[in-house]
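Please read the points below beside the model.

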Amino acid sequence: YCGSLGSQYGWEDMFSIFTQYHQTNPNSSFLILTGNSEFLKDKIPDSLKNKITILTVLQTEVPAYLNAGDIAFAIRYPAYSMKGVAPIKLGEYLLMQLPTIASKEIGDTEEIIPEDSCLLYNHSDSEKIKKAVEWCKSIDSSYSDIIRKAGIFYFSLEKSAESYIKALNYINAI
């Protein structure tokens, strides 16, 4: 996981997914890149402290850490205010070819996320943790090209510039 931490970022879900996955994959580990490590104080049991690494790194170092990952979390609790949010972190993960667990109802995530190679996380589903763990077990490197293509299609520099120009033209027309 890379980004902010707080009540809206789904820490409990990410932790549950990791701990259940870890039960059947004891060599797994969880890397958290955040500037808010204080949020996690007293939230990680001693039995998992050697499996969860929390780092604060320079922005320029983030791609190297993401490149070492196998699966990424883009979980945020859905709220009405989140429907218009651009899922930038999802773009970073896709451009790094990371299979991602991303929340439904956050901006246009449902349109962006590549089917089968990423998991659309439904917070309303009572089986969400179990489904996420099963999905994690099914991931392999064959998905990387699909994921990268989606990242480039939605989040390349060209697409970003195109979006900004469109928004500025709209504002100018008002």
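The points that follow concern aromatic rings, one histidine and one lysine.

1. The model is predicted: local features need pLDDT of at least 70, side-chain atom pairs count only at pLDDT 80 or more, and totals for chains, interfaces and linings use all residues. Residues are numbered from 1 along each chain as its sequence is written, and side-chain values use heavy atoms, without hydrogens and water.

2. There are 5 aromatic pairs, that is, rings of Phe, Tyr and Trp (its six-membered ring) with centres within 6.5 Å; planes under 30 degrees apart count as stacked, over 60 as edge-to-face and the rest as tilted. The pair of phenylalanine 18 and phenylalanine 30 is tilted, because the planes stand at 40°, with the centres 5.4 Å apart. Phenylalanine 18 belongs to helix H1 and phenylalanine 30 to strand S1 (residues 30-33), so the pair ties together parts 12 residues apart in sequence. Helices (H or I, at least four residues) and strands (E, at least two) are DSSP runs, numbered from the N terminus.

3. Phenylalanine 18 is buried at 6% relative accessibility, and phenylalanine 30 is buried at 5%. Buried means under 20% relative accessible area, exposed over 50%, and partly exposed in between (1.4 Å probe, protein chains only).

4. Ring pairs join Trp11, Phe15, Phe18, Phe30 and Phe73 in a cluster.

5. Histidine 22 lies in helix H1 (residues 11-24) and is buried, at 13% relative accessible area. Beyond its neighbours within four places in sequence, histidine 22 contacts (heavy atoms within 4.5 Å) Asn27, Ser28, Leu48 and Lys51.

6. The charged end of lysine 43 sits over the ring of phenylalanine 39, 4.3 Å from the ring centre; the rule requires NZ of Lys or CZ of Arg within 6 Å of the centre and within 35 degrees of the ring normal.
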